[in-house]
Amino acid sequence: MPAKPSAPIPDFLYGTAWKEARTPALTTLALRNGFRAIDTANQRRHYFEAGVGEGLAEAYREGVVTRANLFLQTKFTYQPGQDHRLPYDPEAALSAQVAQSMASSLEHLGTDYVDSYVLHGPSSGYGWTDADAEVWEAMTKERDAGRTRLLGVSNVSLRHLEQMATAHADAPAFVQNRCYARLGWDRAVRAFCRERKIIYQGFSLLTANAEVLDHPLVTTLATRAGATPAQIVFSFAHSVGMLPLTGTSDATHMRQDLASLDLTLPQDVIQAMESLSG
Ligand SMILES: NC(=O)c1ccc[n+]([C@@H]2O[C@H](COP(=O)([O-])OP(=O)(O)OC[C@H]3O[C@@H](n4cnc5c(N)ncnc54)[C@H](OP(=O)(O)O)[C@@H]3O)[C@@H](O)[C@H]2O)c1
């Protein structure tokens with residue numbers, strides 16, 4: 001299997017959920033504004049993956065980016081997370097569904113490999129199941145065949161991760177979770193990831209944490225730094241080792257989000273933000 005070009009692990013991911021008909025134009029806009037990593041899913045209910053592919057094609061045509069310097073991440077989603085627009089035969093074995101979903105993603109995205117392939121969520125909220133084990137083994141086969149460089153899991157608890165580690169030799173490269181400040185910014189899962197050199201991807205950093213955006217610690221610092229509260233949150237996330245996602249539809253916010261990585265937060269502020277609301 002010839003080695004695929006390896007775009008670097010990004011420091012920001014542009015998320016493409018909930019954009020429907022605006023998906024192609026917003027994907028291109030994000031790339032024009034400097035994003036080099038795209039998150040999507042083969043889950044038509046929340047994502048229009050083929051629209052992401054259209055947006056990528058336009059960016060390639062414009063010479064904004066090439067496939068080789070772009071980080072593309074997509075996901076396998078179990079049937080209960082889907083609507084009727086399935087990317088696989090629901091009667092097929094789960095391992096076959098993974099292969100079918102991946103083939104469909106590659107077609108949607110106009111490529112022969114993705115950089116990261118993520119299990120959108122385990123089959124049960126309580127623990128890692130035999131179904132998850134079958135899907136994960138199928139995902140490792142996709143990686144070994146060169147159709148993805150790296151693997152990840154999403155919407156997982158510490159318990160899922162611990163049980164997964166016991167069941168499989170192959171650890172995920174990424175964990176993607178909704179990150180609530182009131183749960184210590186997912187402290188336990190982040191600690192697990194840090195110990196095992198798994199990169200933690202945080203989403204809903206703004207939408208799940210309205211109380212942080214309004215907190216005097218954040219608003220005062222933002223005013224002093226000439227930044228927005230949203231930028232302080234993204235800068236904090238980056239400072240503690242997270243790979244943040246943003247799904248903004250606004251070009252100014254796109255540029256602000258990327259620029260937040262250039263901010264340096266004082267160590268005492270980072271510590272105070274760690275325990276701001278939980
Ligand atoms: N794995 C999963 O299950 C899962 C679940 C949810 C999301 N995700 C991924 O994460 C991505 C991001 O989703 P999200 O839940 O974090 O929400 P989001 O789609 O990024 O929403 C952010 C909201 O905050 C607003 N906003 C205000 N100021 C902003 C600023 N400076 N920068 C960015 N946004 C600003 C945005 O409005 P404007 O548009 O006006 O800026 C938008 O309404 C999704 O697109 C998807 O790829 C994954």
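**Close-up 1. Gly202 and Pro244 sit across from each other where β7 meets β8.** Gly202 has Pro244 of β8 as its bridge partner. Keep in mind while looking that this is a predicted model. The two strands here, β7 (residues 199-203) and β8, pair in the parallel sense, with two bridges between them. What about the faces of strand β8 (residues 243-246): are they covered or open? Both are covered. Leu243 and Leu245 lie on one side, Pro244 and Thr246 lie on the other, and all of them are buried.

**Close-up 2. Tyr14 links up with strands β8 and β2.** Start with β8: there, the bridge partner of Tyr14 is Thr246. Strands β1 and β8 run in the parallel sense and are paired over two bridges. Now look to β2, where Tyr14 has Ile38 as its bridge partner. β1 and β2 also run parallel, joined by two bridges.

**Close-up 3. The strands close up into a barrel.** In which order do the strands of the closed barrel run? There are eight of them, going β1-β2-β3-β4-β5-β6-β7-β8, with parallel pairing. From one strand to the next, the twist averages 25°. Helix α4 packs on the sheet, where it touches β3, β4 and β5. The direction of α4 makes about 160° with that of β5.

Close-up 4. How many residues of strand β4 (residues 114-119) are buried? Six of its six are, so the strand counts as mostly covered. With strand β3 (residues 71-76), β4 pairs in the parallel sense over four bridges.

**Close-up 5. Two β-α-β units share strand β4.** One unit is made of β3, helix α3 (residues 94-109) and β4, and it is right-handed. Another is made of β4, helix α4 (residues 130-144) and β5, and it is right-handed too. Follow the chain through each and you pass from strand to helix to strand.

**Close-up 6. Glu142 is a charged residue out of the open.** Look for Glu142 in helix α4. Is Glu142 buried or exposed? With a relative accessibility of 5%, Glu142 counts as buried, because the cut-off is under 20%. Leaving out residues up to four places away in sequence, Glu142 touches Val98, Ala99, Met102, Arg147 and Thr148.

**Close-up 7. Helices α5 and α6 lie side by side.** Helix α5 (residues 158-167) and helix α6 (residues 187-195) pack at an angle of about 30°, and their axes are 9 Å apart. That makes α5 roughly parallel to α6, because angles under 35 degrees count that way. Which residues make the contact? From α5 come Leu158, Leu161, Glu162 and Ala165, and from α6 come Ala188, Val189 and Phe192. Sorted by kind, the residues of this contact are six nonpolar, no polar and one charged.

**Close-up 8. Helix α1 is mostly under cover.** Of the ten residues in helix α1 (residues 23-32), seven are buried. These are Thr23, Pro24, Leu26, Thr27, Thr28, Ala30 and Leu31. What covers them? The cover includes β1 (13-15), β2, α2 and α10 (251-259). Just after α1 comes Gly34, which takes a positive phi of about 115°.

Close-up 9. Where is His46? His46 is in the loop between β2 (37-39) and α2 (49-62). At 28% relative accessibility, His46 counts as partly exposed. Setting aside neighbours within four places in sequence, His46 is in contact with Ala17 and Trp18.

Key. Residues numbered from 1 in each chain as written. Predicted model: local features only at pLDDT ≥ 70, side-chain atom pairs only at ≥ 80, totals over all residues. Heavy atoms only, no water. Buried < 20%, exposed > 50% of the residue type's maximum accessible area, 1.4 Å probe, protein only. Pairing = 2+ DSSP bridges. Right-handed = clockwise from strand over helix to strand, strands pointing away. Axes fitted to C-alpha atoms, helices over the stretch in contact; angles between N-to-C directions. Parallel < 35°, antiparallel > 145°, perpendicular 65-115°, else oblique. Contact = heavy atoms within 4.5 Å. Nonpolar A, V, L, I, M, F, W, Y, C, P; charged D, E, K, R; others polar.
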